[in-house]
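Visitor: I would like to learn how to read aromatic rings and nonpolar cores in a model. Please show me on an example.

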Amino acid sequence: MGSGYLIIAGAIMLFSWLVSSQLKSKFELYSKLQLRNGMSGREIAEKMLADNGITDVRVISTPGQLTDHYNPSDKTVNLSEAVYNHRNAAAAAVAAHECGHAVQHAIGYEWLTMRSKLVPIVSVASNYVQWILIAGILMIKVFPGLLLIGIVIFAATTLFSVITLPVEYDASNRALAWLENKHMLTQEEQAGAKDALKWAARTYVVAAIGSIATLLYYISIYSGSRRN
């Protein structure tokens, strides 16, 4: 792959690890900040949905840690056990954020719609793209078109990562605005929720930057082969 790829991959892995470590640290910190209103993550989610007039979305518990997500196909807000049952600032932030996606879905938020359309393509592409790219580099002298195919497929996954950014930031902004406008949290709790969601969003920023950098690297290899 060359030293260039190793440098890019190493830098991405380092930044990803740093952000992930900080995210876990923040969630551990704000998991100790108990809500004065005594509401669990499930109760927070159900209230946010109700306040936004959403009656066809269920809030359910899902196994694992940081496995929280909104599923538009079956209209469920899936909260990890720690978020679903617990009554702290971290749980409130995550629960409200996932409901932010439900609100996006309900109002037809364009960036979420675009991302949803890319999901089937990215799901298939992610299983094969690395093998195609590796084969394309190994066979670049005899079949340069294979690398180009890999680049086009990888570009779709990169586009997905970029589109994810406004989707995630918008969901967090909706969550924080609702928490503040409805006076759900104290000042300290609101600050904790904001900080937790800020670091969660940064994981998507790192992923997008890493994907763009990797895409540019493969493009440079292809361009170099064409010049030669």
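Guide: Start with a charge over a ring. In this predicted model, the charged end of Arg202 sits over the ring of Trp199, 4.4 Å from its centre.

Visitor: Over which ring does the charged end of Arg174 sit?

Guide: Over that of Tyr109, with 5.6 Å to the ring centre.

Visitor: How many aromatic pairs does a search of the whole structure find?

Guide: Two. In one of them, Phe154 and Tyr218 have their ring centres 6.1 Å apart and their planes at 70°. Planes over 60 degrees apart count as edge-to-face, so this pair is edge-to-face. The pair links distant parts of the chain, as Phe154 lies in helix α6 (residues 144–181) and Tyr218 in helix α7 (residues 187–227), 64 residues apart.

Visitor: Are Phe154 and Tyr218 buried or exposed?

Guide: Phe154 is buried, and Tyr218 is too. Together with Tyr217, they form one aromatic cluster.

Visitor: What should I expect of nonpolar side chains in general?

Guide: In soluble globular proteins they tend to be buried together. Here the largest nonpolar core has 42 residues, and Ile44, Val77, Leu79 and Leu179 have the most contacts inside it. Its largest share, 11 residues, comes from α4. Apart from this core lies another, of 10 residues, including Leu133, Ile151, Tyr217 and Tyr222.

Visitor: Which residues does Ile44 touch, not counting those up to four places away in sequence?

Guide: Among them are Leu35, Met39, Ala92, Trp178 and Leu179. Asn37 is also one of the residues that Ile44 touches.

Technical notes: Residues are numbered from 1 along each chain as its sequence is written. This is a predicted model: local features need pLDDT of at least 70, side-chain atom pairs count only at pLDDT 80 or more; totals for chains, interfaces and linings use all residues. Side-chain values use heavy atoms; hydrogens and water are left out. Rings of Phe, Tyr and Trp (its six-membered ring) pair if their centres lie within 6.5 Å; planes under 30 degrees apart count as stacked, over 60 as edge-to-face and the rest as tilted. Helices (H or I, at least four residues) and strands (E, at least two) are DSSP runs, numbered from the N terminus. Buried means under 20% relative accessible area, exposed over 50%, partly exposed in between (1.4 Å probe, protein chains only). A charge sits over a ring if NZ of Lys or CZ of Arg is within 6 Å of the ring centre and within 35 degrees of the ring normal. A nonpolar core is a set of buried Ala, Val, Leu, Ile, Met, Phe, Trp, Tyr and Cys residues joined through side-chain atoms within 4.5 Å. Contact means heavy atoms within 4.5 Å.
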